[in-house]
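Have the model open as you read.

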Amino acid sequence: MTNTKARTAAMITPVGQEAQDEAKVLAREGREGKAVRRLRKDSWLKRGPAREALELLVAGRELPTSSGQALEALRSLDAPLVGELTALLDSGKQIAAVKLLRERTGIDLAGGYHLVLELGGRPGAH
């Protein structure tokens, strides 16, 4: 996975607000490893994306806390990809949509599945 994919995965994977807050405190205390583990515990983040997520949090960015927020983040990061995913969903190809999302963003299977479900479940989304 490239660093860009890891960062993208971090930006579109929901992480609970409590986990984000605790990770920021741990990072301020110099306990980055524990902060990364905390982020991974309550999300579908893999190790690389969790490190990127921590960097984003330390830099003052908030991560999505829900699939809806994650979908909005994906729309702002890569609107053409969302269009491709929507076209696949319109054709009844949910599995292909999850695969494409994972290939392009580096998101894990569970996170990709939930994001595609969110996209497919929105009224007027496709």
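**From value to word**

Q: Why is leucine 81 called buried?
A: Its relative accessibility is 0%, and the buried class takes in residues under 20%, so leucine 81 counts as buried. Keep in mind that this is a predicted model.

Q: Where does leucine 81 sit, and what is in contact with leucine 81 apart from its neighbours within four places in sequence?
A: Leucine 81 belongs to helix H6. With those neighbours left aside, its contacts are Leu74, Leu100, Leu101, Arg104 and Thr105. As for threonine 105, its C-alpha atom is 9.6 Å from that of leucine 81, although 24 residues separate the two along the chain.

Q: What makes threonine 8 buried or exposed?
A: The value for threonine 8 is 18% relative accessibility. Buried means under 20%, so threonine 8 counts as buried. This threonine is part of helix H1, and beyond its neighbours within four places in sequence, threonine 8 is in contact with Leu77 and Thr105.

Q: Which other residues of helix H1 are buried, and what do the buried residues pack against?
A: Helix H1 covers residues 3-12, and its buried residues are Ala6, Thr8, Ala9, Ala10, Met11 and Ile12. They pack against helix H4 (47-58), helix H5 (67-77), helix H7 (94-105) and H8.

Q: Why are H1 and H5 called oblique to each other?
A: Their packing angle is about 140°, and their axes are 8 Å apart. Roughly antiparallel would need an angle over 145 degrees, and roughly perpendicular would need 65 to 115. The pair therefore counts as oblique.

Q: Which residues make the contact of H1 with H5, and how do they divide by class?
A: Thr8, Met11 and Ile12 come from H1, while Ala70, Ala73, Leu74 and Leu77 come from H5. The division is 6 nonpolar, 1 polar and no charged residues.

Q: How do you know that H6 and H8 are roughly perpendicular?
A: Helix H6 (residues 79-90) and helix H8 (residues 109-121) have axes that cross at roughly 75° and come within 10 Å. An angle from 65 to 115 degrees counts as roughly perpendicular, so that is the term for H6 and H8.

Q: What meets what between H6 and H8?
A: On the H6 side there are Val82, Leu85, Thr86 and Leu89, and on the H8 side Val116, Leu119 and Gly120. Sorted by class, this contact has 5 nonpolar, 2 polar and no charged residues.

Q: How many helices and strands does the chain have?
A: The chain has 8 helices and 0 strands. Read from the N terminus, the order is α-α-α-α-α-α-α-α.

Q: What makes the chain as compact as a globular protein of its length?
A: The radius of gyration is 14 Å, close to the 14 Å from the globule rule for 126 residues, so the chain is as compact as a globular protein of that length. Its C-alpha trace spans about 50 × 25 × 20 Å along the principal axes.

Q: What share of contacts joins residues at least 24 apart?
A: Among contacts between residues at least 6 apart in sequence, the share is 61%.

Terms used:
Residues are numbered from 1 along each chain as its sequence is written. This is a predicted model: local features need pLDDT of at least 70, side-chain atom pairs count only at pLDDT 80 or more; totals for chains, interfaces and linings use all residues. Side-chain values use heavy atoms; hydrogens and water are left out. Axes are lines fitted to C-alpha atoms, for helices over the stretch in contact, and angles run from 0 to 180 degrees between N-to-C directions. Helices (H or I, at least four residues) and strands (E, at least two) are DSSP runs, numbered from the N terminus. Angles under 35 degrees count as roughly parallel, over 145 as roughly antiparallel, 65 to 115 as roughly perpendicular and the rest as oblique. Contact means heavy atoms within 4.5 Å. Ala, Val, Leu, Ile, Met, Phe, Trp, Tyr, Cys and Pro count as nonpolar, Asp, Glu, Lys and Arg as charged, and the others, Gly among them, as polar. The radius of gyration is taken over C-alpha atoms; the globule rule is 2.2 Å times the number of residues to the power 0.38. Buried means under 20% relative accessible area, exposed over 50%, partly exposed in between (1.4 Å probe, protein chains only).
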